[in-house]
Amino acid sequence: MVTREEMEKQEQYTEMIRSLPHKPRSYYVVTYGCQMNAHDSEKIAGMLDDMGMEAADVREEADFVIFNTCCVRENAERRALGNVTWLKEVRKNKPEMIIAVCGCMIQEPGMAEKILKQYRFVDLAFGTANLHKLPELLYETLNSREQCVRVEEADLIAEGLPVHRLRQDAAYLTIMYGCDNFCSYCIVPYVRGRERSRDVSVILHEAENLVQSGVKEIMLLGQNVNSYGKGLPGNPSFASLLKQLDGIGIPRIRFMTSHPKDLNDELIEVMAGGKHILPQFHLPVQSGNDEILKKMNRHYTREQYLNRVRKLREAIPDIGLSTDIIVSFPGETEEQFQDTMSLVREVRYDSAFTFIYSPRTGTKAAKMEGLIPDEVSTERIQRLIALQENLQQETLKRFIGMQEEVLVEGLSRRSKLAVSGKGRHAVSVTMDGTEADIGRILSCRITGVKNNTLMGERI
Ligand code: SAH
Ligand code: SF4
Ligand code: F3S
């Protein structure tokens, strides 16, 4: 854990920035990537609030713009760097603007040097390990004309950072950081560091505070939540943590992401017996072929995966199921790809996030032979998406006639008299309602399916 002295030092820097006459007055955080990054951005915003800055409506007008980046696939990285470079042009009309880049991309090997050489206009850059040091790093940046670039190994947990939440009705709660799985294609273990779990008591305390502040839904976060507890006294399991959280009265609890290899019966039982744990599961399969799964270092077979799905459905009928799939892993043949197609047909997911394999420097897979040509990959992913969309239309029909509770996120894009949000099964629902319903949980009867969304009538 980051020491109390270190956190206090950061508080002093926060105070020092507050009283700087030339401090930036407004900020804008641009976020890429997963929920982890989204939550980190909420912490960044929280720290900047504490320094006396205000959130700007648009990035072009902010005095301090910070990009929280992702590097899980090459296009994520390219998009982030493209937008950072575009801001350099914007700054020509606003020379006092400070540009910062942080997050996973900065943690990649060689990136610090690249920022120092090719991105001279970036004022401040730091990796995921240094998030809590933002006050100190910003103070340094404001008081020197030099580029400030800081990257360290991520292996600690910083407790007590302020959080500026994006939503009042729903909140993220991190239960573990990092990842030790080293799936052969994945950069995350390299940029997010070793797996480390937060103490049960700290998590429960945070959850209680969130409930008291009126939060209706908590999303537990971790790269692999169901391996929670490693290294903690008594090795508490994710299932036991979930059970305790279920007992404190949060209306809705969900979590992300789970690894199929660690999905045990204990967890399924706790979910089935829970009062507030939503009947939904995101269970990335990646591939339906055993040989590819082995090369991916996923530690389960197609049959074991299907077995877990069966068990989940036995215990929680109608559970909402979603997944992640990678097509064109090095060496993937048409037959092996067909195994993924048939698995998708067999499972019938409510939604699937599909990706073309993207080589990441430093990972095992990046050194494997058999890179699949772009045309083949594009064609494969199109077939997979078409299949999933067809199946989804059918799969979602099982909800018709059922009652569903919806946490309303906003007005529907189509009508001012309709609202949309997520049901208990993690599927989007559009129903009758008005602006006043945003942030409420509403009951409805499902009447139909339209473009991967359920249509509901308020009860
Ligand atoms: N920890 C989570 C999320 C990892 S990143 C998990 O294990 O599920 C989210 C998804 O991105 C992964 O599930 C995978 O499908 C995809 N992904 C990761 N690395 C990738 C790569 N190099 N190329 C293509 N897709 C990738
Ligand atoms: Fe990446 Fe695998 Fe860890 Fe997920 S479990 S973050 S895919 S290494
Ligand atoms: Fe991207 Fe980092 Fe998340 S690489 S997917 S933002 S953990």
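**Glycine 52, whose phi is positive and near 90°, follows helix H2.** The model is predicted: local features need pLDDT of at least 70 and side-chain atom pairs count only at pLDDT 80 or more, while totals for chains, interfaces and linings use all residues. Residues are numbered from 1 along each chain as its sequence is written, chains are lettered from A and ligands numbered from 1 in the order in which they are written, and side-chain values use heavy atoms, with hydrogens and water left out. Helices (DSSP runs of H or I, at least four residues) and strands (runs of E, at least two) are numbered from the N terminus. The 16 residues of H2 (residues 35-50) should span 22 Å at 1.5 Å a residue, and the end C-alpha atoms are 23 Å apart, which agrees. The expected span of a helix is 1.5 Å times one less than its number of residues. In H2, 13 of the 16 residues are buried, so the helix is largely enclosed by the rest of the structure. Buried means under 20% relative accessible area, exposed over 50%, and partly exposed in between (1.4 Å probe, protein chains only).

**In helix H1 (residues 4-18), the end C-alpha atoms are 21 Å apart.** This agrees with the 21 Å that its 15 residues should span at 1.5 Å a residue. The buried residues of H1 are Glu6, Met7, Gln10, Thr14 and Ile17. They fall within an arc of 100° seen down the axis, so they line one face of the helix. The arc is that of the directions from the helix axis to the C-beta atoms. Arg4, Glu5, Glu11 and Gln12 are exposed on the other side of H1. An α-helix has 3.6 residues a turn, so residues three or four places apart point the same way.

**Helix H12 (residues 334-347) has end C-alpha atoms 20 Å apart.** Its 14 residues should span 20 Å at 1.5 Å a residue, which agrees. Gln336, Phe337, Thr340, Met341, Leu343, Val344 and Val347 are buried in H12. Their arc around the axis is only 160°, which puts them on the same side of H12.

**Ligand 1 is surrounded by 14 residues, the closest being Arg73, Gln223, Gln286, Asp324 and Ser358.** A residue is near a molecule if one of its heavy atoms lies within 4 Å of it. An N or O atom in the side chain of arginine 73 is 2.9 Å from an oxygen atom of ligand 1. Glutamine 286 has a polar side-chain atom 2.7 Å from an oxygen atom of the ligand, and aspartate 324 has one 2.7 Å from an oxygen atom of ligand 1. Of the 530 Å² of accessible area that ligand 1 has on its own, the protein covers 89%. Accessible areas come from the Shrake-Rupley method with a 1.4 Å probe; for residues, only the protein chains shown count as cover. Strand S13 (320-327) and strand S14 (351-356) are the elements that give two or more residues to the shell. The shell divides into 7 nonpolar, 4 polar and 3 charged residues. Ala, Val, Leu, Ile, Met, Phe, Trp, Tyr, Cys and Pro count as nonpolar, Asp, Glu, Lys and Arg as charged, and the others, Gly among them, as polar.

**Glutamine 286 has a positive phi, near 70°, in a residue other than glycine.** The residue lies in the loop between strand S12 (280-282) and helix H10 (290-295). Glutamine 286 counts as buried, at 6% relative accessibility.

**The residues around ligand 3 are Gly33, Cys34, Asn37, Cys70, Cys71, Val72, Cys104, Arg192 and Gln223.** This shell divides into 5 nonpolar, 3 polar and 1 charged. Arginine 192 is in helix H6 (residues 188-192) and is buried, with a relative accessible area of 8%. Its side chain makes a polar contact with the side chain of asparagine 37 (2.4 Å). A polar contact is a pair of N or O atoms within 3.5 Å; within protein, one must be able to donate a hydrogen and the other to accept it, and residues adjacent in sequence count only if both atoms are side-chain atoms.

**Around ligand 2 are Cys179, Asn181, Phe182, Cys183, Tyr185, Cys186, Val188, Pro189, Gln223, His259 and Arg298.** The residues of this shell divide into 7 nonpolar, 3 polar and 1 charged.
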